[in-house]
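Hi,

Here is the structure I promised to hand over. Have a look at it first, and then read my notes below.

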Amino acid sequence: MIFRIEKDSLGSVKVPSDKYWGAQTERSKKNFQIGPPQSMPIEIIYAFAILKKAAAYVNYKCGFLSEKKRKLISMVCDEILEKKLDDQFPLVIWQTGSGTHSNMNVNEVISNRSQILLGKKLGIEKSFIHPNDDVNMSQSSNDTYSTAMHIASYTTLVTKTIPAIKQLRDELKKKEKKFYNIIKIGRTHLMDAIPITLGQEFSGYVSQLNHGLTSLKHTLYHLSELAIGGTAVGTGLNAPKNFDSLSVEYIKQYTGYPFIVANNKYEAIASHDAIVESHAALKQIAISLIKISNDIRCLSSGPRAGIGELCLPENEPGSSIMPGKINPTQCESLLMVCTQVIGNDFVISIAGSSGNYELNVYKPLMAYNFLQSANLLSDVCISFSNLCINGLYPNFIKIKENLERSLMLITALNPHIGYEKSAEIAKNAYNNNTTLKEESIKLGYLTSEEFDALVQPDKMV
């Protein structure tokens, strides 16, 4: 490998000659060989590109940055956003807790790529754009990484996670309408209960996701607050007047989303309650999805020795040894993702509660877990919607059989013959393996006609 020499405040560092990063990135790369390389979420890098471009425009507007430098910084930021430089960000999340190394990684890439755009050589000629003095002008890693976290998290939620959850909700809503008049036995305590329609059962799932979406959307306002302009501790030292509001206006323009200046930059840098709050809503949705997934895989269990009231799409063979076996794999995938999201929430809770004084030093970890949850939920909701719920259909024979054999239809007789006599009929039917009707007549409590008039499942839902 061919190297060039890059310098920082600690001295000289050998950097691969074909890479745009500089000395500080290379130091981090060597000092934190922990976990898979390049694990810093790319969404964070893209968010950095947005805010660096915004900062360059504001610094130019305030008279601190030349137009030529502003244009070059903007050009490289656009290249980053166009995914042309993805391989230039090699750092891991297990670095400094402020995310300083990733901030400098972006600064160095912008600086060195600008040098190439000018037709100059890296490591030989002095860089026209300095990573700290120009690209990082009026900023600190503390406010930029906090800002990048919010831009990346907000954008991922509104472009991916929320639409995916809505797609699954809408697919469940279609089934609710389609299944609304299919009467089946209800179940409480895992035991037979009074009738319900399959559509009513699915309406509960729809309602769960509606409430989850409402909770998630309510967190977007806090997540829209950006710490940019707070610099190191929230005071805004070394940033020009109105740098915060002007930067946020550009960020709004570039993203199309209603970002605002953080109401309190000390809170925005020292704690990450917005991330904690928003991820808690993701956890709520994950919990709802676990319930939905478990219901569907139990209702489809069998097909002959289980409940078997639902039939799932046959997506792939279910066993390497048992021919013809089909498993509820989409349900299982959903369960694993949701379990991961709940685990991520615990990590985010501990990290969010561990800020000290003017800085929380768990920023990369919180960003990584949040974005993993948001992306996983997006992917799995689309998969579950398309490959499970869309092709799911009722097993009418099994539904009818389970309904007619249920002893809990006896509940309809309570107002007419009382609880005690009704319980006696049900117990006798169970012990004698007979029907409720047979035992009602045998005990002399009802005639055949009276039983048929009183026990009508379609009037019990």
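Let's start with His-279, which sits in helix H11, residues 273-299. (Helices here are DSSP runs of H or I with at least four residues, strands are E runs of at least two, and both are numbered from the N terminus.) Before going on, note that this is a predicted model, in which local features need pLDDT of at least 70 and side-chain atom pairs count only at pLDDT 80 or more, while totals for chains, interfaces and linings use all residues. Residues are numbered from 1 along each chain as its sequence is written, and side-chain values use heavy atoms, with hydrogens and water left out.

Is His-279 buried or exposed? His-279 has a relative accessible area of 0%, so it is buried. (Buried is under 20% relative accessible area, exposed is over 50%, and partly exposed is in between, with a 1.4 Å probe and protein chains only.) Its side chain makes a polar contact of 2.7 Å with the side chain of Ser-373. (That term means a pair of N or O atoms within 3.5 Å; within protein, one must be able to donate a hydrogen and the other to accept it, and residues adjacent in sequence count only if both atoms are side-chain atoms.) If you skip neighbours within four places in sequence, the residues in contact with His-279 include Val-341, Asn-344, Ile-348 and Phe-370. (Contact is heavy atoms within 4.5 Å.)

Thr-231 is another one to click on. You'll find Thr-231 in the loop between S5 and H9, and at 4% relative accessibility it counts as buried. A polar atom of its side chain lies 3.1 Å from the backbone nitrogen of Leu-237. Not counting residues up to four places away in sequence, Thr-231 touches several others, among them Ser-138, Asp-143 and Ile-269. Asn-238 isn't a glycine, yet its phi is positive, near 75°, and at 67% relative accessibility it counts as exposed.

Tyr-357 also has a positive phi, near 55°. Look for Tyr-357 in the loop between helix H12 (329-352) and helix H13 (363-389); at 76% relative accessibility, it is exposed.

There's a cis peptide bond too: the one from Gly-302 to Pro-303, with omega near 10°. Pro-303 is in the loop between H11 and strand S7 (310-311).

What about disulfides? The search of the whole structure turned up zero. (A disulfide here is a pair of cysteine sulfur atoms within 2.5 Å.) Cys-77, for instance, has its nearest cysteine sulfur, that of Cys-62, 17 Å away. Cys-77 is buried, at 0% relative accessible area. For Cys-298, the closest cysteine sulfur is in Cys-331, and because the two sulfurs are 9.0 Å apart, they are too far for a bond. Cys-298 is partly exposed, at 41%.

Strand S1 (residues 3-8) pairs with strand S2 (residues 11-16) in the antiparallel sense over six bridges; pairing takes at least two DSSP bridges between the strands. A hairpin joins S1 to S2 through two residues, and Phe-3 stands opposite Pro-16.

Finally, helix H2 (residues 42-61) is mostly covered, with 15 of its 20 residues buried. After H2 comes Gly-63, whose phi is positive, near 85°.

Cheers
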